[in-house]
Amino acid sequence: MKFFHSATFLLISLLLGCNILPFQKKEKNDDMLLLALGILASGSDWVWDLPPGFPVPNVPADNPMSKAKVELGRHLFYEKKLSGNGTMACSGCHFQSLAFADGKDFPSGITNQTHPRNAQHLSNVAYMPRLTWSNPKMTSLEIQARAPMFGESPVELGLQNNNFIGALASNSIYQPMFERAFGGSGITEQNVRYALASFQRTMISGNSRYDQYTFRNNKSALNASEIRGLNIFNGEVAECFHCHGGFNFTDTSFHGGAKEEFFYHSNGIHDDAYYAGQVSNKKGLFDLTGVASDTGKFRAPSLRNIGVTYPYMHDGIFMCADANNPDKPAGAGKTKVDCARDALTQVVNHYRSGGQAHSGKDGALIRAFTISDSQRDDMVNFLLALTDEEFLTNPKFASPF
């Protein structure tokens, strides 16, 4: 701590006492000082509290973590002033009780326009080097935030300009929060996105019963069926781990430091004729690349908290019933666990059948395999053990309002 204060004093002294470059005007020093103060403040107090087995997330150098940013981002995540008509927040499609998914096949924004893809959950989104289902240009949470904020096809939050900044400024809580988080730069569109990104990076989930069994040495956390399912999942028959391996159960992930991997797959849920009849925003990676072989390819999502993130797949095709009621029991007499079990049974049946014939399907990864119905049920039981109940109820992720 003594070193930090000394380094801070030295940096500020240098910025105040001399021009960095001979052609700089003096007033530029004031801007540099504010920037330095903001950087030092924003990165000085954050300590990751990570579950066992989890690497430190990669954080952009221009948006270091801080408590002030995270708290501001939490407010903004639940703030309806971040929509064009003041009726919807980010949380409108991302419910904490559903691991920040929404329980619908397709979400809709402030105009009720239906989104072409299922809303992904945000569990461990800090570890995703590529975001959304099929857009390789979405390389950071800071970039991705623009899509729901300003996107026109589909409209989500429906912002058309920066008038929302004035709406935020009209609430007396925000000016001091932005000052604490970003220093003199205040309420800006970029700072809104950076605060949202900082909050989302804290959405780390790593205390499921699987984690307790694997990383916390609690060998009673999983029952016999769940352990059998885990072994099938990671075994050479089903080989699910190829697309859903690692600590985050996906092959698209940061693995610590600079190492990252990302892949897109066609898993055979639809055939060529289906995709030929789809509009241009429903064909997966092809929508961005225009390459025919990319048709039907999507990023494999993390399986964390899969017990509450139904309906499954990019189009929510696997669901039991009542897909559009995320906070109600899923069908008459059914609990959410019953619904997840039904839907996951469909998922495992799909994979063990080898899926539909599709020219873009990776036959080495998606191929029929033989397991009994009992073994399938063991796999479903294991997948349900990936739900982190603490994450779903942790007050630090809840609305501050």
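User: How far is the sulfur of C93 from the closest cysteine sulfur, and in which residue is that?

Analyst: The distance is 9.1 Å, to the sulfur of C90, which is too far for a bond. A disulfide here is a pair of cysteine sulfur atoms within 2.5 Å. Note that this is a predicted model, where local features need pLDDT of at least 70 and side-chain atom pairs count only at pLDDT 80 or more, while totals for chains, interfaces and linings use all residues. Residues are numbered from 1 along each chain as its sequence is written, and side-chain values use heavy atoms, with hydrogens and water left out.

User: Is C93 buried or exposed?

Analyst: C93 is buried, at 13% relative accessible area. Buried means under 20%, exposed over 50%, and partly exposed in between, with a 1.4 Å probe and protein chains only. C90 also counts as buried, at 16%.

User: How many disulfides turn up in the whole structure?

Analyst: The search finds 1. It joins C320 to C339, with an S to S distance of 1.9 Å. The link is left-handed, with -100° about the S-S bond. C320 sits in the loop between β4 (298-299) and α13, and C339 in helix α13, so the pair links distant parts of the chain, 19 residues apart. Helices (H or I, at least four residues) and strands (E, at least two) are DSSP runs, numbered from the N terminus.

User: What is the accessibility of C320 and of C339?

Analyst: C320 is partly exposed at 22%, whereas C339 is buried at 0%.

User: Moving to α13, what does its span look like?

Analyst: α13 covers residues 336-353, 18 residues, and reaches 26 Å from its first C-alpha to its last, close to the 26 Å expected. The expected span is 1.5 Å times one less than the number of residues.

User: What do the buried residues of α13 pack against?

Analyst: They pack against α14 (373-384), where contact means heavy atoms within 4.5 Å. Among the buried ones are C339, A343, L344 and V348.

User: And what follows α13?

Analyst: G354, with a positive phi near 90°.

User: How do α10 and α14 pack?

Analyst: Helix α10 (residues 224-233) and α14 pack at about 100°, with axes 7 Å apart. Axes are lines fitted to C-alpha atoms, for helices over the stretch in contact, and angles run from 0 to 180 degrees between N-to-C directions. The two are roughly perpendicular, a label for angles of 65 to 115 degrees.

User: Which residues make that contact?

Analyst: They include L230, I232 and F233 of α10 and M379, F382 and L383 of α14.

Technical notes
Angles under 35 degrees count as roughly parallel, over 145 as roughly antiparallel, 65 to 115 as roughly perpendicular and the rest as oblique.
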